Structures are given as structure tokens and as C-alpha cells.
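Have the model open as you read.

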Amino acid sequence: MIARKATYLCGALVLAQAGGAVADTTLEERIVVLEKRMDGIKRGNTQIDFGGFIKADTMMSKYSDGDLDKGSTGRDFMVPSTIPVGGGGSSEELDFIAKQSRFWLKSETMTSAGTVRGHIEIDFQTTGQGDERISNSYSPRIRHAYLAWGDWLFGQTWSTFFNVSALPETLDFVGAAGTVFERQPQIRYTSGPVMLAFENPSTTLYGGDSNPSEYDDNNVPDIVARYNLTGGWGNVSLSAMGRQLKYEDDVGGTPYEEDKYGYGLSVAGRVMLGAMDDIRFQAHYGNALGRYTTLNAFRSGQIEADGSIELIDQWSGVLALRHHWSDRWRSNFAVSVSEANNPDTVAATTSKSIQSAHANLIWQVAEPLTLGGELIYGSREIENGDDGNLKRVQFTAKYAF
């Protein structure tokens, strides 16, 4: 027993850094989790660790203006751009999914050039494969796949523009609609509080050969710079992003190759309220935010009749409170709003504004087991004034290992 307590005391910091809620568990439960996380697998000079979670979600959704087809991503989590507007009537849909279950593997190798770390993570969301007729089988997809060596990171992970700690804790897969939410391949350099990155470019515009149009004609990476302020009170990040918007396409039968440069700015963070509660916030503004926020509900620009690109000013904000009612019960309340100043030339069905709200109650039954319920509201307005909303109740059971 003494050895087991020593394991806990020596590994408490490890558990805290891994995201464990130390105060939410008994001593015995903490010891079990720590032993599992500290053992891993040793092969030569490489330490390998693995984990993940199984997450089962039940969702009852009501749409005010239409319905969503089966297989739509918006059936699995709130995707603002999929909220129906101007429909013939309301609809209700019930969904059971386990697609958000996740598995990760981490490694750390000691070499003569220093420590090299690796991380690969998969889940089964948004793959577009499988169906509900017989087996509900869905294929895995890469979430993260990167290596880190010294101050450098290479591979796919969260965009440097995204302060992940500012994301509200919701049962919904993403949560507040106005959040930055972007994973992509990148090369990142970190020195103390400063982060600089070249990240994978991609252009989405209104107009062109389809509406909206997606292009992969960029020849300049997205460039992100971020400064982090941290302390016992929490953290705040200041981020700036510059990117090229470029396309090659026929517009009205005339071939064009055009590009334009835009920017995005962000301030985000988490401020502690006592030992366990916190406030999380995000504020974003720019003329090239596009796919970086609101799950690409707004595009970065409009292709005009003469082939030129008109960039679109956009802003979004998120505010959330996390409160512990006791050691094992907690709630999160989050609101967000997003809006785009679209040019007059966009289609009348183009999204203009998005709002969302979340409220949940989570029971930490034991260290690995979580049960919870969440109320979700989302609304979307398009340029012609039509709007629609989503009301959803979600129940979640989650086992982390």
C-alpha cells in the first residue's frame, strides 16, 4: 500500500498534465489510473504509451425549418452551416452514435540528438463511410499525426491559431459555434511564449464553378504567430494569421487565376475562478478567417463577375463558464455569436449570422467514467432574411482509458 501511495505522490503531476481531474477521484482510483499511465511499453530506448476513450451519444434534435438527410455531419454534432432555413415545417430526429470514440498512441525516444516524441490519434467521425442498415461500421480517420524534436513540431495537429484551452467543455463534439477549430499539417517553432508556424493552405470562396467553391491552388503557406501569457491565474493567447486566397477557374466562360492576401486576429484564454472553476473566452476578427472559425460556415471571399476576389470581414466570439457543484458534479454554460459582412453579390442563401448556446450537467462517476446531459441551441440566418434553429438534447456516456 505504501508503494502504491508513493506511485500516486510521484505521479500526481503526470496525471494533472494529462488532463486528469485529481480532485474528482478517490486515492485508490487515482493510483489505478496513474499505474496504467506510467507503465506504458518500453522497447529499446523508446517508451510507448496509449489510451483513448469510448463515447456513446444519444441525441434528440428538432429543426424549426426543415430536416437533415441521413449521413449529414450535422446529425452527429452541431455544424452551423447545416441548420435548415426556410423549410416547409419543423422536423424531429433521433440518433445514436459511437463515432466520437478515440484512440491515441504516443512515443518518446532518447537519441544522441535529443528526445524525439511522436503522437498519432484516430477517431471515426466525419468519414462519410458506413451506414445504419446493418452494422453501423465507420472507418477511422487521422486526427493528429506529428513528431516533436526540441523546439520543432512537424505534422498534423491543432492550428497554432487555436488556443485549445479556451474551448468550452461540451458533450457536443465541437461545442460553441463561433470557436476556432482547425487541425492541419504544419511546421511549428516554439521558443518560450512565442510560437511561429507555416501551415497547410486551402481556399474556400463563394462563386466559381460551384457555390461555394473549394480550391487547392495556393503556393504560399498560411503563416501564424502566437504569444502566450501564462500563470497560476490561467492563460491568454494573442494570435495573428496571414494567408493567401487563390483560385484557378473559369468564371462565366473566362479562365482566371487570381490571388489575394488576408488576415485574422484572435485573443483567447482561460481564467481560473478558484481551484476548479474557470471562464473561457475567444474573440476573432479578420477578412480571411473563413475555414478557421465557425466550422467554415462563412467563406473567406467572393469571386466577382470580373474574376477578382473580394475578401469578407468576419468576427466571432465565445464565452463560457465551467462550475463544479461538488467534487463529482460540474456544469458548463457557453454562448457564441458569429457574423460575416458579405458583399451584395453573394447568393441569397449565403449564411450571414450564427448563434449557439450550450448548458450541461456532468457526473464524474469515477476517474474513467463520465455520464452527462446537455441542452443545445443553434440558429442560422441567411442573406435573404430567412432563418432556422436547432434545439437538441444530448446524453453521453464516456469511458476513458
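Phe103 is partly exposed, with a relative accessible area of 35%; partly exposed is the range between buried, under 20%, and exposed, over 50% (1.4 Å probe, protein chains only). This is a predicted model, where local features need pLDDT of at least 70 and side-chain atom pairs count only at pLDDT 80 or more, while totals for chains, interfaces and linings use all residues. Residues are numbered from 1 along each chain as its sequence is written, and side-chain values use heavy atoms, leaving out hydrogens and water.

The structure holds 11 aromatic pairs. Rings of Phe, Tyr and Trp (its six-membered ring) pair if their centres lie within 6.5 Å, and they count as stacked if the planes are under 30 degrees apart, edge-to-face if over 60 and tilted for the rest. Two stacked pairs are shown here.

| Pair | Centre distance | Plane angle |
|---|---|---|
| Phe50 and Phe103 | 6.4 Å | 25° |
| Trp329 and Trp363 | 5.4 Å | 0° |

Phe50 sits in strand β2 (residues 46–63) and Phe103 in strand β4 (residues 102–111), so their pair ties together parts 53 residues apart in sequence. Strands are DSSP runs (E, at least two residues) numbered from the N terminus. Phe50 is also partly exposed, at 43%.

Trp329 in strand β19 (residues 329–341) and Trp363 in strand β20 (residues 351–366) are 34 residues apart, and their pair links distant parts of the chain. Trp329 is partly exposed at 36%, and Trp363 is partly exposed at 32%.

Elsewhere, ring pairs join Trp152, Phe154 and Tyr189 into a cluster.

Notes:
Helix = DSSP H or I, 4+ residues; strand = E, 2+ residues; numbered from the N terminus.
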